[in-house]
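Me: I have a structure open and want to go through it with you. Can we take it piece by piece?

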Amino acid sequence: MREKSKAKLEVADFLEKVINQSTYSQKEIADMAGFNSPNIITMLKQGLTKVPVERIPALARVLDIDRVEFFELVMKSYRPKEYAVIVEIFGDPISDAERRIIRLLREVIPDGQLVNNTNHYRNKIRAALEN
């Protein structure tokens with residue numbers, strides 16, 4: 001199987017799983033994600049068409065999946081060279097869940113303390129997660 005076909009199927013398999021788990025019908029998903037026809041959802045699930053990059057945020061919202069992780073999957077699968085450039089310029093993407101953890105850390109660690117005590121807080125966080 002050609003490499004591009006494998007990549008399309010990886011995205012298609014993922015979408016088939018999350019769409020089948022969704023409480024929405026394919027028509028509802030298509031409508032909420034801004035597609036003109038529900039047939040596109042079937043085509044995405046079967047790997048017959050690629051996910052349009054501009055639809056990633058809307059599809060992620062409708063399917064209740066992390067938009068950054070979905071973007072990463074789509075770009076790594078369909079446009080790996082372009083994705084590598086994005087990462088080189090902007091760094092690794094941070095998922096919505098990771099962003100919430102960073103906000104929490106900023107709330108609980110006193111201002112200025114993280115810079116001066118990075119190892120201390122890293123060890124405390126690691127210990128808390130390992131217990």
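Me: Before that, what kind of model is it, and how are residues numbered?

Reply: This is a predicted model, in which local features need pLDDT of at least 70, side-chain atom pairs count only at pLDDT 80 or more, and totals for chains, interfaces and linings use all residues. Residues are numbered from 1 along each chain as its sequence is written, and side-chain values use heavy atoms, with hydrogens and water left out.

Me: OK. At what angle do α2 and α3 pack?

Reply: About 100°, with the axes of α2 (residues 26–33) and α3 (residues 39–46) 8 Å apart. Helices here are DSSP runs of H or I with at least four residues, and strands are E runs of at least two, numbered from the N terminus. Axes are lines fitted to C-alpha atoms, for helices over the stretch in contact, and angles run from 0 to 180 degrees between N-to-C directions.

Me: What does that make α2 and α3 to each other?

Reply: Roughly perpendicular. Angles of 65 to 115 degrees get that label, while under 35 is roughly parallel, over 145 roughly antiparallel, and the rest oblique.

Me: Which residues make the contact?

Reply: From α2 they are Gln26, Ile29 and Ala30, and from α3 they are Ile41, Thr42 and Lys45. By type, that contact has 3 nonpolar, 2 polar and 1 charged. Nonpolar covers Ala, Val, Leu, Ile, Met, Phe, Trp, Tyr, Cys and Pro; charged covers Asp, Glu, Lys and Arg; the others, Gly among them, are polar. Contact means heavy atoms within 4.5 Å.

Me: And how do α5 and α6 cross?

Reply: The axes of α5 (residues 67–78) and α6 cross at roughly 130° and come within 5 Å, and α5 and α6 are therefore oblique to each other. On the α5 side are Phe71, Glu72, Met75, Lys76, Ser77 and Tyr78, which meet Pro80, Glu82, Tyr83 and Ile86 of α6. The contact of α5 with α6 divides into 6 nonpolar, 1 polar and 3 charged residues.

Me: Which ones?

Reply: Ile56, Ala58, Leu59, Ala60, Val62 and Leu63 are the buried residues of α4. Just after α4, aspartate 64 has a positive phi of about 55°.

Me: How many salt bridges are there?

Reply: The structure has 5 salt bridges, a salt bridge being a side-chain nitrogen of Lys or Arg within 4 Å of a carboxyl oxygen of Asp or Glu. One of them pairs aspartate 31 with lysine 27, with the closest N and O atoms 3.0 Å apart. Aspartate 31 and lysine 27 are 4 residues apart in α2, so about one helical turn separates them. Aspartate 31 is partly exposed at 45% relative accessible area.

Me: What does arginine 79 pair with?

Reply: Arginine 79 forms a salt bridge with glutamate 82, and their closest N and O atoms are 2.5 Å apart. Arginine 79 is partly exposed at 41%, and glutamate 82 is partly exposed at 33%.

Me: What about arginine 99?

Reply: Arginine 99 forms a salt bridge with aspartate 96, closest N and O atoms 3.4 Å apart. Both lie in α7 (residues 96–108), 3 residues apart, about one turn of the helix. Salt bridges that share partners join Arg67, Asp96 and Arg99 into one network.

Me: Is aspartate 96 buried or exposed?

Reply: Buried, with a relative accessible area of 19%. Arginine 99 is partly exposed at 32%. A polar contact of 3.1 Å joins the side chains of aspartate 96 and arginine 67. A polar contact is a pair of N or O atoms within 3.5 Å; within protein, one must be able to donate a hydrogen and the other to accept it, and residues adjacent in sequence count only if both atoms are side-chain atoms.

Me: Where does serine 95 lie?

Reply: Serine 95 is in the loop between α6 (80–90) and α7, and is buried at 3% relative accessibility. Setting aside neighbours within four places in sequence, serine 95 is in contact with Asp66, Val68 and Glu69.

Me: Last one: what does the side chain of asparagine 20 make a polar contact with?

Reply: The side chain of lysine 45, at 3.0 Å. Asparagine 20 is found in α1 (residues 3–21).

Methods. Buried < 20%, exposed > 50% of the residue type's maximum accessible area, 1.4 Å probe, protein only.
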